[in-house]
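Okay, thanks everyone for coming.

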Amino acid sequence: MNRSLKKYFPVFLLPTLLAFVISFVIPFAVGIYLSFCEFKVITKTEFVGFSNYIEAFTNSDFVNALWFTVKFTAVSVITVNILAFTFAMMLTRGLKGTNFYRTVLFMPNLIGGIVLGYIWQMIINGILYPFQQTLYSSADYGFWGMVILTNWQLVGYMMIIYIAAIQNIPGNMIEAAKVDGASSVQILRNVTVPMVSPAFTICLFLTLTNSFKMFDQNLALTAGQPGKETAMLALDIFNTFYSRIGYAGVGQAKAVVFFIIVALIAGTQLWLSRRKYEAEV
Amino acid sequence: MKKLLALILSAVIIMNLAAACGDDDVTEESGNEGSVYFLNFKPESEAAYKKVAESFTEETGIPINIVTAAAGTYEQKLASEITKSEAPTIFQVNGPIGLESWEDHCMDLQGTDLYEMLSDKSLALKDGDEVCAVPYTVEGFGIIYNDSIMQNYFKMEDSVVESVDEIKSFDTFKAVVEDMTAKKEELGIEGVFASTSMASGEQWRWTSHLANVPFYHEFHSLGEELDPVITALGSESVNFSYNEGFKNMFDLYINNSVTAPTLIGGKTTADSMSEFALGKAAMVQNGNWAMSQIAGVSGNTVTEDDVKMMPIYIGAEGEEDSGICVGTENYLAINDEASDADKQASLKFLEWLFSSETGKNYVLNDLGFISPFNTFEDDEKPADPLGSQVVEWISNKGVTSVPWVFTAFPSDEFKNRFGDALLQYAQGTGDWNNVVTAVTENWASEYALTR
C-alpha cells in the first residue's frame, strides 16, 4: 500500500498542484514583483525599488485604514466571542426550541457579505432617518455599523463551534463539581471555560482573520464614507489599485504588507495551537 | 496495465484543465477578415449597441463583440482587458487626462476616414501630430427643469418672473427658487431641486459639472483669447477664485431640496432623477444623457415636452451671455496592439456607424448621440427632448456655450477629496474653508503627481 502510494502520488497530486501553481503561486510571485514596479497594465512595468512601499506608508490613507482596521478587529473579536459563547451556554441547557434558535442564529452566516451590507445599510439609515442623520454623517456610525454587521454574521458560526465544545465536556465532571458544592459561576470558571479552551483559540483566530481581511461588508455598508474614514485595509488596497491612475504599484505594495500582517496572525495561531497540542500529547 | 490506465486518466484530467483555461478563443476563427471587440463605456446604451452589432455583422459579415463595463468601473475593466490576448480593439478615453494613461495603446488615426469625417478637427485628442482619439458625441449639461411646474409657478399672481427666459443671472434664479420653495405646497412639489446626491461615487454632478462653471470663469478671466481647457491643463495651481459663486449655488441646491442637507450622503444620481421624473422636484442639475433615466422611471409624471434645460448661473460677471456647458469626455481610440486585420475591421465599424444610413439611424434614434461628424446633415438631430434642447442651446447665437473645463481637472483623486470636503460641509461637520483648501491643495499636489 505504502509502496504504491509512493509510486503513484504524482499522478494524484499533479492536477491539483498544477491548478494551485497556476492560480495561486504564480500570481503571488508576480504580485510581489509588481509591488516593486510602477505600471498601468501588468504587461508593461518599470522597476522602481522600494518607492511604492515608502509612498504607501507616507500616505495617510493606508495608516488610517490600518488603524481603523485594528480598532475594528479588537472590538469585534471581543464582542463576537462573548456573544457566541453566551448563546452557546444558553442553547446547551436543553431548553425548549433549542434547535430552532440554533438554526435562526446560524442563518445570517449563509447570506453573502454584500447582501448583508446592503441590508444593514438600509436598517441603520432607517433608524437614523428620524434624527436627520445617515450612516455617512460620522465615521463612528460606520464603525459601529460594521461591528454590528460582523457580529450578526459571525456569532452564529462561532456559537456552533462553542456548542460542539461544550457538548464534549463529560457530564460526570460537572456532576462531580456539583457534588463538591461548586456554584454555577465556579463551574463556569473552573470546568467549562478550561474545557472549551481549544475552541476559544479557534474562534478567536477565526474572528481575528475574518475581521481583519473584511472587504465586501465594508464595501457594501459604507464604501469608506465619509471621506475615506471608514475604509478598512482591503478596501483601501482595492481603491488604491483601481481608482488612482499610476497607483497600481502602491496598491500592490500595500497588498504585500497586508499579506505579511495576515500571515503573522495565522502563523501565531498555528504555533499556539501546535504548542497546546504537543503539551496535551 | 494499471500504470497505463493511470497515465491515460491523468493525461485526460490535465487536458480538461488546459481546455477549460483556453475556452475564450472561440472568436479566433473568423479568418483574415478581422474582428471587432468594443469595450463600451455607457451602460445606458448597452441594449442599443447590441442592436447595432447585429446589423453590422449582418451587413458586413465582420464579427463584433460588445462588452459593457459597469458604471464607474471602466478604467479598471480596461486595464485588465487590455493585457489579454483578446484585447479590446476599440476603447474609450475620457479626455486629455485619460489619454495620459492610454497614449501608448492608441493607434494614430491621422489620415483615416474616421478622422476626416470630424467636422472640427480640433476636437480630437492629439499627442503632438499623432491623432490618438476621436470624440463621438457632444453632450451638454445645465439645470433640467419641469416646464409644467414652472408654468404653474409663472401663472401665480406674485411670481418673481413670468418666464424662464427672464432668468439670466444668479440673483434672479435664487429669488425664483426661494419663492418657489415658499410656495411648494401650492405647486405640489416636495422641493425645488431633486436631492443633491453625495453618495460615494455619485458626487460627479457637483465636483465635475457644477465646479465646471466657476473654473471656466476663473480660467476665462485670465485672458479672453485663451482656451480655458488648455489653460487649465497647464495650470500647476488654482485660486478657486469663484468659490463664493460655487458655494451660493450649492447652498441653494441643498437648502431648497426634496432631501434635508444632512441626509444627502446616502443619495444617488438615480434617486435624484426619479424624484424629478415623479414630479417631486421641479429642477435637477444634469445633462442630456439623463433623458433615458427620466423616461425609464416607472410611473413618471413628466411628459417629454416638459423636459427643458437652462444654464447654471453662479453670479459671475457677464454670465448672462453664457449658455449651457457643452463638451465631451467620450473619445474612441483604436488599440494599436491589435492585429492589422482587427484594426481595419474596427475602423470600418466606426465609419459604418457614423456614416452609413443604417448606422446614422442608430446613432440618432437609439444611441441619441449629438455627433460631431460632418456626415450628419443639419436636420439629422437626435429625437430625444434633452438632446434637442442641447442642440438648440448650441445654435442659439445670443449665448456662448461654456466648454468642459472639468476634463482638465488633474485626477479622480482630486475630485474625490473635493467631494469629501463638500459632503462634510453639507452635513455641517466641516466648514467652507476646508472645501476651498481641499480644492487648491489637491489640485497642486495631484498636478505635481500626474505630470
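This is a predicted model: local features need pLDDT of at least 70, side-chain atom pairs count only at pLDDT 80 or more; totals for chains, interfaces and linings use all residues.

Residues are numbered from 1 along each chain as its sequence is written, chains are lettered from A and ligands numbered from 1 in the order in which they are written, and side-chain values use heavy atoms, with hydrogens and water left out.

A pocket here, on a 1 Å grid over the protein atoms alone, is an open set of points where a 1.4 Å probe fits, with protein on both sides within 12 Å along at least five of seven lines; lining residues have an atom within 4 Å of a point.

What does the lining look like? It has 48 residues, and B:Asp120, B:Leu123, B:Val138, B:Gly327 and B:Thr328 lie nearest the centre of the pocket. By class, that's 24 nonpolar, 12 polar and 12 charged. The biggest giver is H10(B), with 4 residues; helices and strands, by the way, are DSSP runs numbered from the N terminus (H or I, at least four residues; E, at least two).

So where does the pocket sit? Domain 1 (26–138 + 328–376) and domain 2 (141–326 + 397–450) of chain B both give residues to its lining, so the pocket lies between them. Those bounds come from an automatic or database domain assignment.

Next, salt bridges, meaning a side-chain nitrogen of Lys or Arg within 4 Å of a carboxyl oxygen of Asp or Glu. Let me start with B:Arg417 and A:Asp61, whose closest N and O atoms are 3.0 Å apart. B:Arg417 is in helix H17 (residues 412–427) of chain B and A:Asp61 in helix H3 (residues 60–90) of chain A, so this pair joins two chains. B:Arg417 is partly exposed at 25% relative accessible area, whereas A:Asp61 is buried at 11%; the cut-offs are under 20% for buried, over 50% for exposed, and partly exposed in between (1.4 Å probe, protein chains only).

Then there's B:Lys183 with B:Asp179, 2.9 Å from N to O, and both partners are buried. Back at the chain-joining pair, shared partners tie A:Asp61, A:Lys228, B:Glu413 and B:Arg417 into one network.

Another one to look at is B:Asp147 with B:Lys308, at 3.5 Å. These two are 161 residues apart, with B:Asp147 in helix H6 (residues 147–155) and B:Lys308 in strand S9 (residues 307–310) of chain B. B:Asp147 is buried at 12%, and B:Lys308 is partly exposed at 23%.

Last thing, backbone. Most residues other than glycine have a negative phi. A:Gln132 has a positive one, near 60°, in the loop between helix H5 (113–128) and helix H6 (139–167) of chain A. B:Phe240 is positive too, near 55°, and buried at 0% relative accessible area.

Key
Ala, Val, Leu, Ile, Met, Phe, Trp, Tyr, Cys and Pro count as nonpolar, Asp, Glu, Lys and Arg as charged, and the others, Gly among them, as polar.
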